[in-house]
Amino acid sequence: MTTLFDTMTGSVTQLINPGQDTFSLYVCGPTVQDRPHLGHGRIVATYDLLRRHLQHKGLNVNLVMNVTDIDDKIITRALQESTSAEEIASRYEAIWWETMDQLGVDRPDATPHATDWVQAMIVKIAMMIDAEAAYVIDDGVYLRIASVPHYGILTKQDFDQLQPGNRVEVNRSKESPLDFALWKRVGADEVGFESPWGYGRPGWHTECVTMSIELLGSTFDLHGGGMDLIFPHHENELAQAQVLGAPFARHWAHVGFVEMNGEKMSKSVGNTLDLTEAVRGFGGRAVRLAYLRAYYRSPLEMSEATLNDALASLNRIDNFLERGPFGQVEADTLATFVDALDNDLDTPTAFSLLFDQVREGNTRYDHRQSGPAADKAATVYAMLDWLGLAPATEDLFIPPEISEAVEARQQAKQRRDYAQADALRAVIEAAGFAIFDTKDGTELRKDRRLATDESLNETSSLDK
């Protein structure tokens with residue numbers, strides 16, 4: 001039984017119904033006005049893991065992730081750079097997907113763009129006006145919160161006590177401070193679209209509710225995002241769905257914050273670490289491992305030290321896998337691993353089991369028990385594949401000059417010229433190889449420390 005913590009019920013709940021063979025998932029995607037930071041990556045990596053987990057269990061998963069390619073921040077950046085909003089959105093969306101690819105994140109089944117769905121949003125807004133759940137004032141169209149039967153059911157806040165200006169836009173023309181914009185009028189010289197209520201742009205909350213309903217139906221299995229989206233974004237999506245008569249998401253899930261020095265990572269705070277640079281410096285697999293080994297609902301402190309530790313862990317795993325061929329997967333061990341993921345994506349337990357297999361497998365190799373060790377290796381690889389962390393299987397190319405350095409080092413060791421041997425080791429490692437002296441001779445393996453001293457110095461600038 002696969003379970004997940006449901007924000008709506010406040011409890012861990014069964015995610016899949018008996019006999020269910022498909023699963024529909026909507027995850028709020030990027031606003032493409034800048035490069036992604038490490039907080040963005042954690043959210044996407046978590047839902048990618050959930051998707052992979054359900055697929056491994058035999059479900060056909062339909063994942064929709066929107067792209068907000070028009071909003072005030074994009075327009076502001078375009079003005080600052082004397083270019084168009086389209087160019088800004090296109091540039092940063094390309095960076096987003098390239099970075100996600102390097103994280104090992106599979107592309108969504110659909111990536112609807114806000115600019116392509118404006119007419120559908122206008123239809124939804126008109127329906128809410130017709131239902132007397134929305135009203136028009138001078139600067140646009142607003143949802144009438146008083147018409148929503150259960151506003152606040154997701155957030156569980158006392159909205160009677162919520163004061164204007166506390167995450168609520170102050171506009172004295174609104175019927176209530178809590179009423180939020182479905183359509184905002186803008187000047188004729190700004191980026192916008194024609195509508196029955198004047199030239200303007202749709203509200204962000206209307207974007208997601210429209211796309212999810214149109215692409216996944218009036219009800220779907222899971223709506224996901226980060227914890228910062230619970231209010232107001234997801235609460236306001238749910239409000240619109242209620243007045244439209246749509247049952248909407250069966251379950252809601254939210255990923256915990258990425259923190260830096262104990263404070264939530266946020267562009268508005270100015271304490272973000274650049275995900276693109278982290279992936280370039282440490283490798284996408286190391287960053288993904290840093291995300292996934294932490295419990296998804298807990299805060300995650302991310303720093304250069306965190307990533308270095310994840311990279312060291314990844315190297316231990318990969319070096320173990322390279323010690324010999326794979327045997328047979330230990331079915332009972334893999335089943336225990338899957339049970340952990342079934343239990344509210346309990347990745348700390350899953351990774352603990354994985355590292356136990358690595359440690360036990362290395363011990364088997366050290367005692368020349370190659371058969372049991374090979375079974376451990378096969379089991380570890382199966383776990384990594386489940387997590388989206390399986391290493392690439394390309395052949396290792398060793399340049400001729402490095403092969404010569406390996407041979408020269410071996411000769412230096414034989415004549416006890418250890419200073420020369422150490423100097424040649426440094427040459428080999430600088431070329432990107434890890435060197436191991438075994439009973440069968442010298443082995444070279446690819447050094448996965450993609451961050452050289454120079455690139456680590458570049459990465460450390462992320463903290464500035």
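**Ground rules.** I am working with a predicted model, in which local features need pLDDT of at least 70 and side-chain atom pairs count only at pLDDT 80 or more, while totals for chains, interfaces and linings use all residues. Residues are numbered from 1 along each chain as its sequence is written, and side-chain values use heavy atoms, with hydrogens and water left out.

**Whole chain.** I looked up the elements and found 15 helices and 15 strands in the protein chain. These are DSSP runs numbered from the N terminus (helices H or I, at least four residues; strands E, at least two). Of the 464 residues, 52% count as buried (under 20% relative accessible area with a 1.4 Å probe, protein chains only). I also checked contacts (heavy atoms within 4.5 Å). Among those with a separation of 6 or more, 75% join residues 24 or more positions apart.

**α2 and α3.** I took α2 (residues 72-80) with α3 (residues 85-102): their axes lie 8 Å apart, at an angle of about 105°. Axes here are lines fitted to C-alpha atoms over the stretch in contact, and angles run from 0 to 180 degrees between N-to-C directions. The angle makes α2 roughly perpendicular to α3 (65 to 115 degrees). Ile74, Ile75, Arg77 and Ala78 of α2 touch Ala85, Ile88, Ala89 and Tyr92 of α3.

**α6.** Of its 15 residues, 13 are buried.

**α11.** I noted 20 residues in α11 (347-366) and a reach of 28 Å, close to the 28 Å expected. Its buried residues include Phe351, Leu354, Val358 and Tyr365. What covers the buried residues? The cover includes α1 (38-56), α8 (284-292), α9 (304-321), α10 (331-342) and α12 (370-387). Arginine 368 follows α11, with a positive phi near 60°.

**α13 and α14.** I found the axes of α13 (residues 400-414) and α14 (residues 418-430) coming within 8 Å and crossing at roughly 160°. That makes α13 roughly antiparallel to α14 (over 145 degrees). Residues of α13 in the contact include Ile402, Ala405 and Arg409, and those of α14 include Tyr418, Leu424 and Ile428.

Definitions and conventions: Buried < 20%, exposed > 50% of the residue type's maximum accessible area, 1.4 Å probe, protein only. Parallel < 35°, antiparallel > 145°, perpendicular 65-115°, else oblique. Expected span 1.5 Å × (residues − 1).
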